[in-house]
Amino acid sequence: MKKIRIGLIGSGYIAKAHAIALRAMPAVFSVDVEVICELLADQDALKAESQCKAFCFNRWTDDWRVLVADKAVDVVDICAPNFLHYDIAMEAIAKGKHVYCEKPLALNVEQALSMTEAAEKAGVKTLVGYNYAKNPATALAKQMIDNGEIGTVVHFRGAHVEDYLADPEIPFSWRVQREKAGLGALGDLCHIINMAQLLVGDIKQVCADMQTVIKQRPIDGTAVMREVENEDQAHMMVRFSDGAIGTIECSRIAHGRKLGLTYEITGTKGSLVFDQERQSELQFYSASDASNRQGFRTILVGPEHPDYAAFCFAPGHGFGFNDQKIIEVRDLIDGIVNNESMWPNFRAALEVDKVNAAAERSFLERRWVSI
């Protein structure tokens, strides 16, 4: 049995989700490979040691460079803050490692392009953590669109709004610092851009607006205030290559929205609506229904839909955030073992970063910008 050894960099919330998925995936999907959680890195040695045990990894280090250089590591799994993605990925690629990286891929398009080209030249596999696209409901939506069940797509309305920074007393952190986070809400909540590209296609033009609402935050443990350096909310009009138009919005200060990733896709024969807070449901409207029977119907995801049966044999029993990560890890392992391309890889994540860069340029120059 082939063995794939994982080196995980980071030990926070998203790293835990990766660790859960790495451990659970072989129990959910039938794969002829042994996934070994080999090495965990965190700059805090005490945290690295404790989380190594909690995450069931074999070894730990407080230096990510040691992990990347370790010959026992086949895949470098990057769950570190945004500003570290570029350096870690480039070093991993140089050492011939496959790279599994959380989004956003990089701080800017230039970094993302360099990472993409380096990985393609080295022939290593890459996967980026746009895990919401792995939901069976969205996979079903993709199938229905591709099958022509809602006709030609003419409009996309998408949002990713949350309230994790809605409280102005939440301290200043790397997430609101341009040098370490890059963009703010657009960079952190760019899942909805990835979703638009998956379901509708390439975005060719944007016209955007951005705003920092909470302009200062306290330095933790003090009364000293520091300027917030990136946006709290943004929205944009978009034009797709295939002729559809739409809107995309994001916010990290939307009170009451915990995971408000939603989309509505309108076609010439019907519409689809999805809400990640009700992630086991897809709403479908068919214009071909009799006029006295028309209305949105709720499709509960079940074993007849993509990937669901691997988790549960009964429909309507629900689906979770970590389950999406398990599917993502399955795609990672399958891609490596079968030498197949993965989606979204660095090239696909670069396209998301291009949209974000164009949105910021549009805001600064007050005009439509082509991707």
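**Salt bridges and pockets**

1. Asp 188 and Lys 103 form a salt bridge, with 3.0 Å between the closest N and O atoms. A salt bridge here is a side-chain nitrogen of Lys or Arg within 4 Å of a carboxyl oxygen of Asp or Glu. The two residues are 85 apart in the chain, with Asp 188 in helix α8 (residues 185-188) and Lys 103 in the loop between β5 (98-101) and α5. Asp 188 is buried at a relative accessible area of 17%, and Lys 103 is buried at 10%. Buried means under 20% relative accessible area, exposed over 50%, and partly exposed in between, with a 1.4 Å probe and protein chains only.

2. The model is predicted: local features need pLDDT of at least 70, side-chain atom pairs count only at pLDDT 80 or more, and totals for chains, interfaces and linings use all residues. Residues are numbered from 1 along each chain as its sequence is written, and side-chain values use heavy atoms, with hydrogens and water left out.

3. Arg 252 pairs with Asp 232 in a salt bridge whose closest N and O atoms are 2.9 Å apart. Arg 252 sits in the loop between β12 (245-251) and β13 (260-267) and Asp 232 in the loop between β10 (225-227) and β11 (233-240), so the bridge ties together parts 20 residues apart in sequence. Arg 252 is buried, with a relative accessible area of 1%; Asp 232 is buried too, at 0%.

4. Asp 289 and Arg 297 meet in a salt bridge at 2.4 Å, N to O. Asp 289 is partly exposed at 21% relative accessible area, as is Arg 297 at 36%. Elsewhere, shared partners join Lys 134, Asp 307, Arg 330, Asp 331 and Asp 334 into one salt-bridge network. The whole structure holds 23 salt bridges.

5. The largest pocket holds about 1,000 Å³ of space. Its lining has 37 residues, with Ile 14, Cys 79, Ala 80, Trp 174 and Arg 175 nearest the centre. α1 (13-28), α3 (64-69) and α4 (82-94) are the elements giving two or more residues to this lining, and α4 gives the most, four.

6. The second largest pocket holds about 180 Å³ of space. Of its 15 lining residues, Leu 107, Asn 108, Leu 183, Asp 353 and Asn 356 are closest to the centre. α11 supplies the largest share of the lining, four residues.

Terms used
1 Å grid on protein atoms, 1.4 Å probe; cavity = no way out; pocket = protein on both sides within 12 Å on 5 of 7 lines; lining within 4 Å. Points joined across faces, edges and corners; volume = space filled by probe spheres on them.
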